[in-house]
Amino acid sequence: MGTAFAIVLVFVGCCSNVVSLELLVRQFPGCGNIVTFAQFLFIALEGFIFETKFGTKKPAIPISNYVIMVTMFFTVSVINNYALNFNIAMPLHMIFRSGSLIANMILGIIILKKRYTASKYMSIALISAGIFICTIMSAKQVNLATEGSEEQGFYPLIHWLIGISMLTFALLMSARMGIFQETLYKQYGKHSKEALFYNHCLPLPGFLLLCTDIYNHGVYFSQSTPTVVPVVGLTMPIMWLYLLINVITQYVCIRGVFILTTECASLTVTLVVTLRKFLSLIFSIMYFQNPFTTWHWVGTAVVFLGTLLYTEVLSSVWAALRGSGVKARKAE
């Protein structure tokens, strides 16, 4: 029951979160900071009440370690959202972040001196190829969209390349954070709910550096078209409603992943998250009519094929099919 409930939370929460984020970004492309702040504030308040019992429960992991983790987490979250300001389409954003396996493997080899099987290296090659295809095709679309302008598309392309550089940096930083978190869990034990709270609570003062941008977008949101909230019957600006939905679905998504990690093996968790990303991508393309060429589809398929190969899902399925075939022949 717990596993099925967690999978429902992941699919409903994460997919709904992508939709609400795109609704926000399409209206105000630079609203990443206020979205991130709202998510952090909501999760921090929930953790303060239910995890730390209003600050009376001491952390199992020293605060100094959380400060390091939080610095990386805050940087990754802000950069990922801010990259949307640089002509980065939502489908490319999702595909690019699916390359986390690449960054984890590279840093695992460099920092932890890990070695992997041939299938793992093959999967990384597939994921790299898929992201490369999608990135190149998106670059061509940037050029086509600005063709004939005075700058001949040069400055928009540079603008887009900055966004790609930001996503790359965030990808590597996220992988480094994962390795650091893994070492902490080995030393102090697993405390995922505690880490979730401190990762969202400690960075809150950092948003003071972004307070002007957050305030300005709060004003923009307040000036958006009023709408009636279903069931409740209250009237509020539609952008604030989108933000509220985004914050709630983000919390549901994170909670679903947490429950899943306690109920299932990491292989199942990775498979569920991968399928969720794929469904989010398909919905984003269909519903919002994002530009997506045949080559984009090829790149996407290669990325997810590489991800499934990395998690050894394909080999497990093949082994199961071979086993059922052997049993059938014996029955005959």
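Helix H3 passes helix H8 in a right-handed crossing. To see this, select residues 63-82 for H3 and residues 192-201 for H8. The two axes come within 9 Å and cross at roughly 65 degrees. Keep in mind while looking that the model is predicted.

**The residues between H3 and H8**

Show the side chains where the two helices meet. On the H3 side, select Ile-63, Tyr-66, Met-69, Val-70 and Phe-73. On the H8 side, select Glu-194, Ala-195, Tyr-198, Asn-199 and His-200. Sorted by class, this contact has seven nonpolar, two polar and one charged residues.

Now look at H8 by itself. How many of its ten residues are buried? The count is seven, and H8 is mostly covered. The buried residues of H8 are Glu-194, Ala-195, Leu-196, Phe-197, Tyr-198, Asn-199 and His-200.

**Asn-65 in H3**

Stay on H3 and select Asn-65, which has its place in this helix. Is Asn-65 buried or exposed? Its relative accessibility is 15%, under the 20% limit, so Asn-65 counts as buried. Next, display Phe-180, Leu-184 and Tyr-188, which are in contact with Asn-65 when its neighbours within four places in sequence are left aside.

**The whole chain**

Zoom out before going on. The protein has 332 residues, and buried residues make up 44% of them. Its secondary structure comes to 13 helices and two strands. Take the contacts between residues at least 6 apart in sequence: 79% of these join residues at least 24 apart.

**The disulfide**

Select Cys-14 and Cys-253, which form a disulfide with their sulfur atoms 1.8 Å apart. The pair links distant parts of the chain: Cys-14 belongs to helix H1 (residues 2-27) and Cys-253 to helix H10 (residues 238-263), 239 residues apart. A search of the whole structure finds one disulfide. Which hand does the disulfide of Cys-14 and Cys-253 have? The torsion about the S-S bond is about 75 degrees, so the disulfide is right-handed. Both cysteines are buried.

Cys-31 counts as buried, at 1% relative accessibility. Cys-211 has a relative accessible area of 41% and is partly exposed.

Remain in helix H10 and select Gly-256. With a relative accessible area of 0%, Gly-256 is buried. Which residues are in contact with Gly-256, leaving aside its neighbours within four places in sequence? They are Ala-6, Leu-9 and Val-10. To check one of these pairs, draw a distance between the C-alpha atoms of Gly-256 and Val-10: they are separated by 4.9 Å, although the two residues are 246 residues apart along the chain.

**Cys-15 in H1**

Move to helix H1 and select Cys-15. Not counting residues up to four places away in sequence, Cys-15 touches Val-10, Arg-276, Leu-279 and Ser-280.

**The salt bridges**

How many salt bridges does the count come to? There are two.

For one of them, select Glu-22 and Arg-26, where the closest N and O atoms are 3.3 Å apart. Both residues lie in helix H1, four residues apart, about one turn of the helix. An α-helix has 3.6 residues a turn, so residues three or four places apart point the same way. The two ends of this bridge can be compared by accessibility. Glu-22 counts as buried at 4% relative accessibility, whereas Arg-26 is partly exposed, with a relative accessible area of 46%.

For the other, select Glu-51 and Lys-57, whose side chains meet in a salt bridge at 3.1 Å, N to O. Glu-51 is buried, with a relative accessible area of 11%. Lys-57 counts as partly exposed, at 42% relative accessibility. The tour ends here.

Terms used: Residues are numbered from 1 along each chain as its sequence is written. This is a predicted model: local features need pLDDT of at least 70, side-chain atom pairs count only at pLDDT 80 or more; totals for chains, interfaces and linings use all residues. Side-chain values use heavy atoms; hydrogens and water are left out. A disulfide is a pair of cysteine sulfur atoms within 2.5 Å. Buried means under 20% relative accessible area, exposed over 50%, partly exposed in between (1.4 Å probe, protein chains only). A salt bridge is a side-chain nitrogen of Lys or Arg within 4 Å of a carboxyl oxygen of Asp or Glu. Axes are lines fitted to C-alpha atoms, for helices over the stretch in contact, and angles run from 0 to 180 degrees between N-to-C directions. A crossing is left-handed if the near helix is turned anticlockwise from the far one by less than a right angle, and right-handed if clockwise. Contact means heavy atoms within 4.5 Å. Ala, Val, Leu, Ile, Met, Phe, Trp, Tyr, Cys and Pro count as nonpolar, Asp, Glu, Lys and Arg as charged, and the others, Gly among them, as polar.
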